[in-house]
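Subject: Structure for your review

Dear colleague,

Please find below the sequence and structure that I am handing over to you. My notes on what was found follow directly after.

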Amino acid sequence: MTLPWSKEADIAGELSRLPPGFLTEYASWAMQQTDAPLWYHIGSAFSLLATVAPLPYIMSGGPGGRLETNFFGMVVGRQGYERKSTATGLATRLLEQALPVRVGLEPGSGEGFVQGLADNPQQLLEMSEYGDFLSKTRARSGGNYQAEIKKKLMPAWDGRRLSRKLSRRTVVCAHPRLNILAAINQALLSSESEWHDWEGGLNSRYCIFFAYRERRQGLGKGNPAQEEALVEWLKSVASTPDSMYGKCLGLTNAAEREWTDFNVAVDESGLLLPDDKFIGVY
């Protein structure tokens, strides 16, 4: 199994063993455009897949007996060196061509966040300057209306009902399918995150892709045919009636064993100390 600290060649080897599909094709295309770590492209591809996943796709098992297909990805690396925003921007570029309506806009308030999801329940929010978002949403003396956004991210990831009450009506998003693709460097993740981002569960909802750049590449090499094929695939999946997909079958027995063994190994590792703010991230 590839571990988060594996070399890029290890991750490429795992990809080569997968059946042909969007994930492998996207990684191949993105690696021609930039020398950002392959690990970043995996996170970006997952974000796109979640943004076009059929709404009935809910996996049985997991916390609470069910798991939504919402996905929060965060690519982490050194400032200006790992090409973080370049990598996340490639995903947005494809989505803008395929389904511009599902490209989310960064909200300016908690009320605006709920309204945005009510108008567009399934969307991808790219935050290439996630450190700036964390700074703007920090709790401050006297209050900060933007801090309400972070409080609503967790129930949105869970797929729980969100609402805001107006003077004459209530705005409701009954089934949010919010996906986030964030990019940040280690220093800002440390300095701009608040204690409750770690201990309150927000950062635990992110799948973190931390990597160092191993390849060196000058200009990106465009592949219009491959890009068009990826765009058309996203369009096709999003336009296919949900009823044609059938029921989500969840994890295979082998995958369920892997997941269980992983959780047991973490429990027995001694990492889950009572005062450790990274428990959720582990």
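I begin with helix α4, whose buried residues are covered by elements that include α2, α3, β3, β4 (122-127), β7 and α10; contact here means heavy atoms within 4.5 Å. Helices (H or I, at least four residues) and strands (E, at least two) are DSSP runs, numbered from the N terminus. This is a predicted model, in which local features need pLDDT of at least 70 and side-chain atom pairs count only at pLDDT 80 or more, while totals for chains, interfaces and linings use all residues. Residues are numbered from 1 along each chain as its sequence is written, and side-chain values use heavy atoms, with hydrogens and water left out.

The buried residues of α4 are K84, A87, T88, L90, A91, T92, L94, L95 and A98. Buried means under 20% relative accessible area, exposed means over 50%, and partly exposed lies in between (1.4 Å probe, protein chains only). The end C-alpha atoms of α4 are 22 Å apart, which agrees with the 21 Å that its 15 residues should span at 1.5 Å a residue; the expected span is 1.5 Å times one less than the number of residues. R83 is placed in the loop between β3 and α4. Its phi is near 60 degrees, a positive value in a residue other than glycine. Most residues other than glycine have a negative phi. R83 counts as partly exposed because its relative accessible area is 30%.

Nonpolar cores

A nonpolar core is a set of buried Ala, Val, Leu, Ile, Met, Phe, Trp, Tyr and Cys residues joined through side-chain atoms within 4.5 Å. The largest has 35 residues, of which Y26, I42, L48 and L94 touch the most other members. At least two residues of this core come from each of α1 (8-16), α2 (22-33), α3, α4 (84-98), β7 and α10, and α3 gives the most, with eight residues. When neighbours within four places in sequence are left aside, L48 is in contact with F22, Y26, A91, L94, L95, L124 and L234. Another core, of 25 residues, lies apart from the largest one and has L125, C173, A182 and Y206 among its members.

Strands

Strand β3 is largely enclosed by the rest of the structure, because five of its five residues are buried. F72, M74 and V76 point one way from β3, and G73 and V75 point the other way. Two strands pair if DSSP finds at least two bridges between them. β3 runs parallel to β7, to which five bridges join it, with V75 opposite A183 in β7. Five bridges also join β3 to strand β8 (residues 206-210), again in parallel, and F72 stands opposite Y206 in β8.

β5 and β6 pair in the antiparallel sense over four bridges, with S163 opposite V172 in β6.

Helix α7

In α7 (residues 147-158) the buried residues are A147, I149, K150, L153, P155 and A156. Their cover includes β3 (72-76), α5 (110-119), α6 (130-136), β5 (162-165), β7 (177-184) and α9 (195-199).

Aromatic rings

Rings of Phe, Tyr and Trp (its six-membered ring) pair if their centres lie within 6.5 Å; planes under 30 degrees apart count as stacked, over 60 as edge-to-face and the rest as tilted. By this rule there are twelve aromatic pairs. One of them is the edge-to-face pair of Y57 and Y245, at 6.0 Å centre to centre and 75 degrees between the planes. This pair links distant parts of the chain, 188 residues apart: Y57 is in the loop between α3 (38-52) and β1 (59-60), and Y245 is in the loop between α10 (224-239) and α11 (253-268). Y57 counts as partly exposed at 25% relative accessibility, and Y245 counts as partly exposed at 27%.

W259 and F262 form a stacked pair, because their ring centres are 6.1 Å apart and their planes lie at 25 degrees. F22, Y26, W29 and W233 form one aromatic cluster.
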